[in-house]
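Thanks for coming. I will go through one structure this morning, starting with a single residue and then moving out to the whole chain.

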Amino acid sequence: MYSTQIIGVGHYVPETIITNTELEKYMDTSDSWITERTGIKERRFFTEGKDTTAKMGVKAANMAIQRAGIDKMDIDFIIFATLSPDYYFPGSGVLLQREMGLRHIGALDIRTQCSGFIYGLSVADQFIKTGMYKTILLVGSETQSNFIELSNRGRSMAVIFGDGAGAVVLQRSEQPNQGILSTHLHADGSYAEELMCQHPGTQRKQRITPDMLNDGSLLPYMNGNMVFKHAVVNFEAVIREALEANQLQPDNIDLLIPHQANLRISQYIQKQFGLPDEKVFNNIQKYGNTTAASIPIALSEAWEQGLIGRGKLVCMAAFGSGFTWGSALVRF
Ligand code: COA
């Protein structure tokens, strides 16, 4: 069986920076509250008319392709993870394919929210390992600032989420014990409503009503305490699962890239595994939680900083809405 290597990483974030202090203008919050609870100092908001989920994905993908040193026409398949697609349907994968002028290859959208990149990595790995495809483009991209509300009513979500995109190029390799060593995916739908955006959905005859506009039910909802409690337990468990599956120990990890949900969650996991600061990558301070884009943006920045050179063991893990969670161990 083949193995799957990550041969290129890229990212793009919109230019508009929104600091915590700026949010204070719109809601009762403070830089110190947001920093203490989440670690976030600023986030990026998209520019209408310039950035869309697909277009940001294209920019990240072009960077990943250029760094991989491949011709974009070598790509056999597209996987696009997002909870904030350009359209209700079709998915953003086909828009990216059109915008990049790629061949008429398949384009699959993944909707597992914050775990979208890990799910996408796993799907790509199965296609490549079995020989079905040789080169896959995996993108995570989010435009979340247009469904949060900068008000007291929207405060719990508004301070956490941001926009951006990340991408990786995955390629078949014949070298054993390299590339993606394993992926581990989980979900528990009994908590579906604890972090969700209910409307517009298909449960009502009328998808959007004037009531929904007024009562705030078009806004996403999060039970922050519940999410926090499940996140810390499941992040830890799914990282342990990955290590055990490969008979590795925590100190074998060269770099842990947790989904950038909340700095306190990352610090808790770091402590559970006894990892030093330099082995845990965090950039939530600059971008907030960019959902499916957070791990590939972090991967790309870690690569730029020389942290994921050849032979390094990188562990990625995510938890989010669904609840869904997962991990991946990759030997670069
Ligand atoms: N700014 C200022 N104060 C705020 C606030 C904000 N943005 N949001 C809530 N508060 C206030 C509340 O009104 C409450 O005040 P009170 O004690 O006077 O009633 C107080 O802060 C505590 O609120 P609570 O909701 O219990 O805060 P918390 O300590 O649980 O922190 C989160 C909220 C969202 C930061 C925290 O629950 C969390 O990090 N959850 C995980 C979220 C996450 O990771 N989501 C992404 C998953 S992929």
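Is N177 buried or exposed? This is a predicted model, and in it N177 has a relative accessible area of 66%. The cut-off for exposed is over 50%, so N177 counts as exposed. The residue sits in the loop that runs between strand 7 (164-173) and strand 8 (179-187). Its phi is positive, about 55 degrees, although N177 is not a glycine.

T291 is the next residue to look at. Its phi is also positive, near 50 degrees, and T291 is a residue other than glycine. You will find T291 in the loop between helix 10 (284-287) and helix 11 (294-304). Here the relative accessibility is 1%, and T291 counts as buried, since buried means under 20%.

Now the cis peptide bonds. One joins F89 and P90, with omega at about 0 degrees. P90 belongs to the loop between strand 4 (77-81) and helix 4 (92-100). Another cis bond runs from H199 to P200, and omega is near 0 degrees there. P200 is placed in the loop between strand 9 (195-196) and helix 7 (210-215).

One more residue before the overall picture. T35 lies in helix 2, which covers residues 31-38. T35 is partly exposed, at 26% relative accessible area. Leaving aside residues up to four places away in sequence, T35 touches N20, I40 and K41. From T35 to I105 is 70 residues along the chain, and their C-alpha atoms are separated by 43 Å.

On to the whole chain. The protein chain contains 11 helices and 13 strands. Its radius of gyration is 19 Å, close to the 20 Å from the globule rule for 332 residues, so the chain is as compact as a globular protein of that length. Along the principal axes, the C-alpha atoms fill a box of roughly 55 × 45 × 35 Å. Of the 332 residues, 55% are buried. The chain exposes about 14,400 Å², and carbon and sulfur atoms supply 49% of that area.

As for charges, there are 30 positive and 34 negative ones, and their mean positions are 2 Å apart.

Last, the domains. The chain is divided into domain 1 (3-173) and domain 2 (179-331). Their centres, taken over C-alpha atoms, are separated by 14 Å. Between the two, 54 residues of domain 1 are in contact with 56 residues of domain 2. Across the chain, among contacts with a separation of 6 or more, 79% are between residues 24 or more positions apart.

Terms used: Residues are numbered from 1 along each chain as its sequence is written. This is a predicted model: local features need pLDDT of at least 70, side-chain atom pairs count only at pLDDT 80 or more; totals for chains, interfaces and linings use all residues. Side-chain values use heavy atoms; hydrogens and water are left out. Helices (H or I, at least four residues) and strands (E, at least two) are DSSP runs, numbered from the N terminus. The radius of gyration is taken over C-alpha atoms; the globule rule is 2.2 Å times the number of residues to the power 0.38. Buried means under 20% relative accessible area, exposed over 50%, partly exposed in between (1.4 Å probe, protein chains only). Contact means heavy atoms within 4.5 Å. Accessible areas come from the Shrake-Rupley method with a 1.4 Å probe; for residues, only the protein chains shown count as cover. Lys and Arg count as positive and Asp and Glu as negative; His and the chain ends are not counted. The place of a charge is taken as NZ of Lys, CZ of Arg, CG of Asp or CD of Glu. Domain bounds come from an automatic or database domain assignment.
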